[in-house]
Every structure is written in structure tokens, then in C-alpha cells.
Amino acid sequence: MAASGAGGARAGGGAWFSALALGVTFLKCLLIPAYHSTDFEVHRNWLAITHSLPISQWYYESTSEWTLDYPPFFAWFEYVLSHVAKYVDEEMLNVRHLNYFSSRTLLFQRFSVIFTDALFVYAVHECCKCIDGKRASKELTETPTFILSVLLLWNFGLLIVDHIHFQYNGFLFGLMLLSIARLFQKRPMEGAFLFATLLHFKHIYLYVAPAYGVYLLRSYCFISNKPDGSVQWSSFSFVRVFSLGLIVFLVSAFSLGPFLALNQLPQLFSRLFPFKRGLCHAYWAPNFWALYNAVDKALSVIGLELNLLDPNKIPKAAMTSGLVQQFEHTVLPSVTPLATLICTLIAMLPSVFCLWFKPQGPRGFLRCLVLCALSAFMFGWHVHEKAVLLAVLPMSLLSVEKAGDASIFLILTTTGHYSLFPLLFTAPELPIKILLMLLFTIYSVFSLKTLFRKEKALLNWTETLYLLGLVPLEVCCELLFPLTSWKLKYPFVPLLLTSGYCAVGIAYAWLRLCCSVLLGHPGGGKTKRN
Amino acid sequence: MEKWYWMIVVVLMGLTVRWAVSLNSYSGAGKPPMFGDYEAQRHWQEVTYNLPIKQWYFNSSDNNLQYWGLDYPPLTAYHSFLCAYVAKFINPDWIALHVSRGYESQEHKLFMRTTVLIADLLIYIPAVVLYCCCLKEISIKKKVANALCILLYPGLILIDYGHFQYNSVSLGFALWGVLGVSCDWDLLGSLAFCLAINYKQMELYHSLPFFCFLLGKCFKKGLKGKGCVLLMKLVCIVVASFTLCWLPFFTEWEQTLQVLRRLFPVDRGLFEDKVANVWCSFNIFLKIKDILPRHIQIIISFCFTFLSLLPACIKLTLQPSPKGFKFTLVSCALSFFLFSFQVHEKSILLVSFMLPLLLKDELLMPSVVTMMAFFVACTTFFPVFGKTSEEELKLKSFCISVRRYLPCFTFLPKLIQYLFLTSVTTMLLLTLMTVTLDPPRKLPDLFSVLVCFISCMNFLFFLVYFNIIIMWDSKHGRSQKKIN
């Protein structure tokens, strides 16, 4: 019966993929009435701006506090959407209707996210083709492609951020995954084009641009390698460099051209890169600076207790009250945007060097991409915890192929996803986020364990304990803490604990990934001829 | 068992869908003066907490029975009391006598939805999981698929978590009963089923198959020996459970009578509103509700109900088997629904969807989505559109018998597929029309009546189908297993 069941499933062809995609779409439709954040108003405002104002006003408009701060392609995307919106509810397209809300607006916005996710579904489909299916067992649910599809399509972080909190990350990650898939499929020009387009949709993907740049330069522009794998300078192809450069130039010209003509580039860049914001976002992302802040805060408290510091010199309620302003550290040296940039670049260097000196084909590129994204997350300025998805999603591709990557993936994903919990702070959404988190975590742990059951255990005792420790942390922060008297006196404590605890896990994952890149993969990773 | 984690995943999936549906509105939201079932449940918490037991079912100045009086058996009342106890702890305003009428707030909605989830989690979901695990002769993958399809059943989700009711408690108990009785834990099964009946009297629809099955088991064991012992034990269990539930109401004859009057309101007519019942459909052509006097209506409905379920029950008593038991459950429930007196559309929660009701509660989006999800899940795991053979339709023995008289009767599977497609298409069309168009002014109820009529035809077909399976499934059963 089991064999016929599996055989029947394979005979069904891509039926299981459609079922998975449909299933998650249904879930997204059910989440329509859930809580949405101010991002909903942000996007409504952008629909209004792009619809009712001329291009010259787009990056100057500031009636609402949610000014346009994404690159021009996204503005054009909102412009196209607004033309559909006018048939749904014209009132939402008025710039002066601040915080306008109606059920039709909600339906339109939510469905636009669900609809644009089609690109993400297509990208996942393409990525599945790039996965080595040699491990395929007879059972459909134990094949790497099936597990990868579930890990990507039903990704908890993406569901929560896109379909509850409200953003448009689905199709953007679709573009990124599609460009990665094209690089795997030896279509680098398309990959470069897709990535260039993506950069002009959302500039946060600049974090992973070094990986693309170095890989394309090393593995595409140098046509062949010396026998020992190092650079053969004579095989440098100007044609290829030129064509890549042309693609990037044309895309940028298409995007920035109109604004260059209007002399608005400085204004545009000031909107895109607002460095006046603080080191940490309102809810601290679990990165290195969260640990740095925590240490600084702890040292200042100890210093006060031991009378080593003068209480008058300390700014009141520094970063911990969760405001998006610039603050100074009390004990440790203050951190400037330049310092974070330098730290990020230094952190990215090892992986980029490895990509240059020891290229291992598309998989090496993917590893470097994940490491760049994670390094930028760890050391970046004003990082939002949503940025962890930049590392989690590509990592899924690596996790279904090697056991070592699978264990890093489990730690990174679980802590990264848990750190997204503070985004949904309303009571009705509490069961949903807990249930979905459990669903994804249990599935990912057990499916990867089943996939790699012949190798040693994916998680050792300390790692398992650390991950299980998230449960009491959640119980304390969301169930017990609000009932205590500390809620009014120290309202930031749950967020502090959450980001501190998760920062440990993410830093650990980052270190392990660095090691695996620097030390090379044991036994695997034959240098592929490009 | 490597696949057990799939069961956990499926349960989590079911819970997520349930809670996501509960984010929507409930029945009677913001509609004074009567509101809806949500207010009824809240009112019962108010009544049971603030008044002594003797007054729960009686009309008094403190308890106006016209405003959502208790009309479910005592176990519902005790459950409401328990919920009220917790509510008092959190916010006494929710159940303050008289003052809290029509109380609506986000926190209260969260509390009420949580009570439904907890009841579901404690009673219904474990029953489903255990039931699927105990299914015999199928792979783990199919067991998990069964559990998923059962947990995704839209009717229960929409009524319990949307409209607002506690059907999962009574259905859960009934399922425990089915499980117990099928696995030969007869005493526990009977106890569970008695609890189900004492929670909602609607479960009486299932009581006859239980009775016949258990009686058949006793006969099989021999009335002079073990069978008699079993019968005695069962009688004791039933009497004991009923006594325990009704204890406060057995003290006075008047109490018991009043509760019975509330549970079975024979003062109302043959049917109320539009329901997919034979009488409602028949009423389109011939207004029997107005022509015949009340007591004749009762007698006619009783006769038809009795006659339609008689064959299956007799067969079950003479040849008790778990498979026959399950089919008889369905066919008896259908018979009761189609032919009995004063049926409410929510009674068919068991077998269908209730579109007009859900539209009134503004639950269109969750209805459509859950129904599509259920459909996709079922068609993914249980191939429907492929070639269906007579064996798969379980109609092989029937077809063989008919072919003795009509040798050309080979077209049944194709006919059934054709009928299935027709009925699905008709239902889709009707749904679309109900949602998008306005009915003509001369016939304001056109769409709901059409929905009821078509549903009634479907149910009648299923009644005949299940009865055929029950009657013709016997000696041929063993030879079929060899073929599979």
C-alpha cells in the first residue's frame, strides 16, 4: 500500500507541489483579518503618492511620516498596483487620507501580497530543479526537493512578515531565489539581470552584492582555471565583463535615469539611506550590537552600584526604552555608522576571499551569499530583525544537501524566527505565531533528521538544550512577565532577553558557517569546471 | 514509527486553521437586541453562574427564557458554569446578571474563542487522532491523510470557530463512543456516548445505531451467558451516567419535565426557516405545513423516519460489525435529518455546509477558503477523478445482484461519476449566484430554497447509496479482501 501510495504520488508528477502551494495560499487567505502593522499604512501611502503625484514629487512628498524610502522600481510597482486599486476603493489613493482604512482596502492590499507571491512559488520551483536528487528515497516526503519546497513555501518568517505584519518580501525573495537558480543553471547573464533588478526594488539586498560581484567576476569572467584551481589571468574575457557591466548599467539607467534628469539623486539617496536613525532598531535585532549594548548596559549598572561612574553623566533610559534615536554608549566606546560598515566589510572578507581563491561553483557562491547576508546582519547599522530572512531562505537550499549545513540551518532558522515574535504583540495573534512556529520548527527538525538519518545527529546536547530553552523564554516573556509588577518599571526586559538569547544562537551559527567556509567541506566540494 | 511527527504537524495545521477562522466575526456581532449564538452562550454562563440550579430551566424574572433560554441538556449547563467560573476570575463584568446583556469586547471575544479551542483540544482532536491511528489495514501515510482531512472539515470549523458553538464537545464524545465500541471497549464507549447525548440532544440521531450494534453484540455472545452479562453492564452504565448528569433535576418531577420541554419543543412546527429537509423541499410543491394539523405532521414524520432507518438497524442487530456500524451511523443520521420533526440546519453539520447562515455572519471568506482547502486535501490524498471501479465504490455485490436480472447494468461507476460532477457543478453555480446576484422580488427566498432543495436531493441519494452498501455488504465482504 505504501509503495502504491508513493508511486501514485510520483505518477501525479508536480501535483504535490501544486498542493503545497495551494495549501499555503489558502492559509494566507485565512490570515487576512489578522493584525497588520503600520507597514500597511506605509504601502497605502505609497500607492497614493505614486498614483496622484508626478514623478518629480515622489521622493519629496512628506505629508505622511511614511515617506518613500525604497528605490524607484518599487515605486513603479506601487504605481502599477494603484491602477488596480482605483477600481477597488478610490479613497485610499488620496495622499491626505492619512491612516485611511476600509475592508476593501484591506482585501486589496492582502490579495496583492498573495498574488505577487506567485513569483516566489515559481522561483521555488526553479530552485527545486537545482537540488541534487540522488538521495531520493522511494518515499516522496523524504526527498530533498519535497523538504526544500516545504521549507521555502511554508517558511514561518515569510508568512508572519508578509501576510500578517504586512510587507512585500515574497516576490522580492522570489527574484533573489530565481537569480540564484539561474546561476546554478549556468545562465549567469539572467542571474545578473535579475539581481540588478532586485537591487532597484529594495536596496537591502546590497548586503549580498559582494558575493554576486566576486562570483561573477571570478567564475564567469575568467573562462577557465589553472589545473590546481587558481586564477588563470590569461583567460579573462573582456566581452563577458563588458556585457555584465552593460546589464547593470542599463538596469540602473532605467531605474535612476528619470531622477538623474530631474537632479534628484541626492534627495533619493538621503531617503534610501537614512543614517540619522539609531544603531539599533526599536526592537533590537539579535545581532552583535545587541550583545554589545547589553554588555554596556550591564557594565553601567555594575559601575553605578560600585560607584565607579557618576550618575549625572549617564543619559536617561538610553537605548532600552525602544526609541529610534541616536544614543551614546556609557561604558564602551560609542559606535558610528562608519565603524559598523568597516566591521561588516571585515566580517565579509574571509568568505569573499574564499570565493575568489577557492571557487567551488554555484554552491560555494551560495555559501558566500549566506555568509555575507549573515555578516551584514551581525554588524550592520540599524538592522531590522526581518533581515535575518535574507540569510535563512538561501540557507534552506544548502540545508537539504549536507548534514553540516542542515544543523547550522536549524539553529539559525529557529532563533531567527523566534526573534520575529515581538513583531506580533497582539493577543489574538499569539496562538497563531506559536502554532505556526511549532509547525515549522517540528517539521524542519524531523524532516532533516529523517533525510540525514544515516549520518551523525544533527544537533548535539548543548544545541538541543539551547533551542528548547526558547520555550521557557517565551513563557516567561509573554505569559508570566505581563502579570508581574515589573511590567511598568522595566517594560523593555522581555525584548532585551529575547534579542540577547537569540543573538547568541545567531552568532554561533555565523561562526560555524565561517569555519565551514574557511576550512572547506570535509570530503565534499569538488571544484567544478565552469 | 518514523512518521509520527507527521501526525503532530497535521494537528498543528488543524489548530492553526481553527484559530485563523476564529479571527473573524461571530454570529450576531453588533446586532441588538437579540444578537446571536455567541450571546446565547455568554448568557448561559451568566445564568448558570448567578442563579441556583433549580432556576436554570425555568422562566423567572431573573431568567427570561425568551431571551436565549437554555435548551441543551445539563452537561452544556455545567460546561457554561465552568467557563463562567473562569470568566469571573478574569473580568466579572462579562457575566454580571442582567447588566452584561449584549456585552461585546475584544478581550471577551478572545476568552470565548479560547474556551472553544480548549474544549476542542481536550476532547475532539485526541479522539480524531486516536481514531485514525486505530484504523486497520492502511499505511501510516494514509492514516495521517485521513486525520488531515477530518481535521480540515469546514463545517465543524466554521460553525464552532466562526458562528460560535461547542459542537466539537458532543461530536468528540460521540467519536470516543464510536472508537470504544469499535475496539470492543463497549463500556467506555457507551459511557462516552451517553456524555455526548447529555451534552447535545442532537446526538440522539446516532443513538439507534449504537443501540442496535451493542444489542447485536450481546445476541452474538449468546443471551444465556456472556451476552446477558454484557447487557446488564451496559444498562448499568447508561443508567448511572444519566443519573449522574441529571441528578439535580431528578429531585422533582416538575424539574425533569421542564428540562425535557426545553430540549424537545414540540410546540414548534414541522420545520423552521429553510432547511435541506424532505418536508421543506416537499413544501415547495405542496404546502403540507399549512394543510395538515400538528399531530398528523408528527405522526407522518415519525413513520417516515422509522421506516427509512429500519432496514439498516435490523441488519446491524443481526450482523454486528464495526464497518456496518459506521455506515449505519451515517445513514441513520441522514434519515433523521431528512424526515424528522423540527430540524435545524445546523444538525446537518455532520454532512454538509450551511451557506446562508454563514453569509449572514459575514464568514464568506473563511467559508470559501476552508471549503476549497478541504476539497484540495481530499482530492490530493484520495483520487476522485481517476477511474473509479465498482469495488472502490463498494457497490460490487449490489451490481452483481442487479446484473442477475439486468445483464447490461455495467454503467454504474460512470453514472455515479457523472452525478458527482453534476452535483458539484450545480452547487458551485448556486453558491456563485447566491453571493453575487440579488433574488427576484417576487421570490425573495429563491436562492436559499434552491440550495435546500438541491442539498435535499443529494442527501436522499446518499441515503439510498449508504443503505445499498449496508444491505449488500455481507458474504461478499471476505472475498473482496482477498482481491485487495
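How much accessible surface does chain B have, and which share of this surface belongs to carbon and sulfur atoms?

## Chain B at a glance

The accessible surface of chain B comes to about 23,600 Å², and 70% of this belongs to carbon and sulfur atoms (areas come from the Shrake-Rupley method with a 1.4 Å probe; for residues, only the protein chains shown count as cover). This is a predicted model, where local features need pLDDT of at least 70 and side-chain atom pairs count only at pLDDT 80 or more, while totals for chains, interfaces and linings use all residues. Residues are numbered from 1 along each chain as its sequence is written, chains are lettered from A and ligands numbered from 1 in the order in which they are written, and side-chain values use heavy atoms, with hydrogens and water left out.

Chain B has 21 helices and 0 strands (DSSP runs of H or I, at least four residues, and of E, at least two, numbered from the N terminus). Of its 484 residues, 51% are buried (under 20% relative accessible area; exposed is over 50%, partly exposed in between, with a 1.4 Å probe and protein chains only).

## Where the chains meet

Let's turn to the interface. Here 35 residues of chain A are in contact with 27 residues of chain B (heavy atoms within 4.5 Å). About 2,800 Å² is buried between the two chains, with carbon and sulfur atoms giving 82% (the accessible area, 1.4 Å probe, that two parts lose on being put together, summed over both). On the chain A side, Phe26(A), Leu30(A) and Leu435(A) lose the most area to chain B, together 24% of what that side buries.

Helices α1 (2-11), α2 (15-30), α6 (103-130) and α19 (429-451) of chain A each give two or more residues to the side that touches chain B. The largest share, 12 residues, comes from α19(A).

## Salt bridges within the chains

Over all chains, the structure holds 18 salt bridges. In one of them, Asp117(A) pairs with Lys28(A), their closest N and O atoms 2.7 Å apart. Asp117(A) lies in helix α6 and Lys28(A) in helix α2 of chain A, so the pair ties together parts that are 89 residues apart in sequence. Both residues are buried.

In chain B, Lys217(B) forms a salt bridge with Asp186(B), with 2.8 Å between the closest N and O atoms. Lys217(B) and Asp186(B) are both buried.

Notes. Salt bridge = Lys/Arg side-chain N within 4 Å of Asp/Glu carboxyl O.
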